[in-house]
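Dear colleague,

I am passing on the structure we spoke of, and below it I have set out what was found in it. Please read the notes with the coordinates open beside you.

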Amino acid sequence: MSRRPVVALLDYGSGNLHSATRAVEAAGCEVLLTSDAAACLSADGLVVPGVGAYAACMEGLLGVDGAGLVTRRLASGRPVLGICVGHQVMFAGGVEHGRQTAGIGVLPGVVEQLQARPLPHMGWNTVDAVAGSALFAGVEGERFYFVHSYGVRAGAFPAGARL
């Protein structure tokens, strides 16, 4: 009998941990809810959830060295999945309510409020995944429901901005 993959769900004080746990278990994985660095680094996968404000999520992540954990895992080719704000903090930074906050910086771009009405943007959309994506295997071409007010703008913060 083969071993179920172990996925560490990073507990840093933000995110819908119950729903994320159920989703990862439904995918056939064993879930380890933890902020322990060794467990996060040795697990088969790492999930970074997030709910709420960008700055608050980054503060919680920094408190458990989440940025370092994500960076080390990615540098060694180990999988990391960010959910909601847990994905947004992977970018260089975020601007929310006029506050600029540095992100983990493993992805280029700035998370900022969408310029669309109405906000939040709600509805069914498709996702253009890269060819061979393990995350989207079996669901290519499917439509997903989104509720969001923020998106990623390519590039860096404006000249002179301090993070």
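A nonpolar core is here a set of buried Ala, Val, Leu, Ile, Met, Phe, Trp, Tyr and Cys residues joined through side-chain atoms within 4.5 Å, where buried stands for under 20% relative accessible area. Please keep in mind that this is a predicted model.

With that definition, the largest nonpolar core holds 22 residues, and the members that touch the most others are L10, L46, V48, L61, V89 and I104. Two or more residues of this core come from each of β1 (6-10), β3 (45-48), α3 (54-63) and α4 (66-75), and α3 gives the most, with 4 residues. Once neighbours within four places in sequence are left aside, L61 is in contact with L10, Y12, V48, G66, A67, V89 and I104. There is also a second, separate core of 8 residues, which includes V7, L9, L17 and V24.

A residue that may be worth a look is T34, which lies in strand β2 (residues 30-34). T34 counts as buried because its relative accessible area is 13%, against a cut-off of under 20%. Apart from neighbours within four places in sequence, the residues in contact with T34 are A8, L9, L10, D11, A39 and C40.

Turning to the strands, there is an open sheet of 4 strands with mixed pairing, in the order β6-β5-β7-β10. Its edge strands, each pairing on one side only, are β6 (99-102) and β10 (150-153), and from one strand to the next the twist averages 25°. Strand β7 (residues 107-113) runs antiparallel to β10 and is joined to it by 4 bridges; V110 has R153 in β10 as its bridge partner.

As for the protein as a whole, its secondary structure comes to 5 helices and 10 strands. The radius of gyration is 16 Å, close to the 15 Å that the globule rule gives for 163 residues, so the protein is as compact as a globular protein of that length. The C-alpha trace spans about 55 × 35 × 30 Å along its principal axes. Of the 163 residues, 36% count as buried, while the accessible surface comes to about 9,500 Å², with 57% of it belonging to carbon and sulfur atoms. Among contacts with a separation of 6 or more, 67% are between residues 24 or more positions apart.

With best regards

Notes. Residues are numbered from 1 along each chain as its sequence is written. This is a predicted model: local features need pLDDT of at least 70, side-chain atom pairs count only at pLDDT 80 or more; totals for chains, interfaces and linings use all residues. Side-chain values use heavy atoms; hydrogens and water are left out. Buried means under 20% relative accessible area, exposed over 50%, partly exposed in between (1.4 Å probe, protein chains only). Contact means heavy atoms within 4.5 Å. Two strands pair if DSSP finds at least two bridges between them. Axes are lines fitted to C-alpha atoms, for helices over the stretch in contact, and angles run from 0 to 180 degrees between N-to-C directions. The radius of gyration is taken over C-alpha atoms; the globule rule is 2.2 Å times the number of residues to the power 0.38. Accessible areas come from the Shrake-Rupley method with a 1.4 Å probe; for residues, only the protein chains shown count as cover.
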